[in-house]
Amino acid sequence: MFPTGLLCAEWPGGRRVTTMLDRHREALASDPENARAFAALQEHYFLQAEWPELVAVYRRRLEAASLQADATQRVPLLFRLAQVLEDRCLEVEEARDIYWQVARLDPRHRGALRQLRQIHTRREQWDMVLQIAEIEGQIPMAPYERGVFL
């Protein structure tokens, strides 16, 4: 019987069966521009809660030349990477640095600013909290958003 599933398997006698997951890993490793392999690996690692592997996939995708020059594509990926680092890997320092990258690339990115404000609030770094809040306050918001902000 043929082994099924996305994980690596071996036939009796030690022959390795190449799976789609293996193929996607190889494709992304050889070409960070491969959006299809990235999407498949991102979904797999997220659903399997394999956070270090997901972080590695994000980092590899961020090496793509097309993302180096296009902040509109780079920002959402950096933001997701920072969220995984902060919430799942508990790497708050590294996440904070990436949120700052996002804020530099897109000074109006409320998600990154909100996360930075929360990180600095937990550390009781009130001068940073106030500076970030001032920046957030200058971004146009709907009335319902402003109520949550205050």
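Which residues does His109 touch, not counting residues up to four places away in sequence?

**His109 and its surroundings**

His109 touches Val75, Phe79 and Val102, where contact means heavy atoms within 4.5 Å. This structure is a predicted model, in which local features need pLDDT of at least 70, side-chain atom pairs count only at pLDDT 80 or more, and totals for chains, interfaces and linings use all residues. Residues are numbered from 1 along each chain as its sequence is written, and side-chain values use heavy atoms, with hydrogens and water left out.

His109 lies in the loop between helix H6 (92-105) and H7; helices are DSSP runs (H or I, at least four residues), numbered from the N terminus. With a relative accessible area of 17%, His109 is buried (buried means under 20% relative accessible area, exposed over 50%, partly exposed in between, with a 1.4 Å probe and protein chains only). Its side chain reaches the backbone nitrogen of Ala112 at 3.0 Å.

**Helix H7**

Helix H7 covers residues 110-122, 13 residues in total, and reaches 18 Å from its first C-alpha to its last. This is close to the 18 Å expected at 1.5 Å a residue, the expected span being 1.5 Å times one less than the number of residues. Among the buried residues of H7 are Ala112, Leu116 and Ile119. Each of these three residues is also touched by Tyr99.

**The nonpolar core**

The largest nonpolar core has 33 residues, of which Tyr58, Leu81 and Tyr99 touch the most other members. Such a core is a set of buried Ala, Val, Leu, Ile, Met, Phe, Trp, Tyr and Cys residues joined through side-chain atoms within 4.5 Å. H5 (71-87) is among the helices that each supply at least two residues of this core, and the largest share, eight residues, comes from H5.

**Salt bridges**

The whole structure holds eight salt bridges, each a side-chain nitrogen of Lys or Arg within 4 Å of a carboxyl oxygen of Asp or Glu. Glu86 forms one with Arg122, the closest N and O atoms being 3.0 Å apart. This pair links helix H5 to helix H7, its partners being 36 residues apart. Glu86 is buried at 6% relative accessibility, whereas Arg122 is exposed at 53%.

Arg25 and Asp22 also meet in a salt bridge, at 3.2 Å from N to O. These two residues are three apart in helix H1, and therefore separated by about one helical turn. Arg25 is partly exposed at 32% relative accessibility, while Asp22 is buried at 5%.

Technical notes:
Polar contact = N/O pair within 3.5 Å; in protein donor to acceptor, adjacent residues only side chain to side chain.
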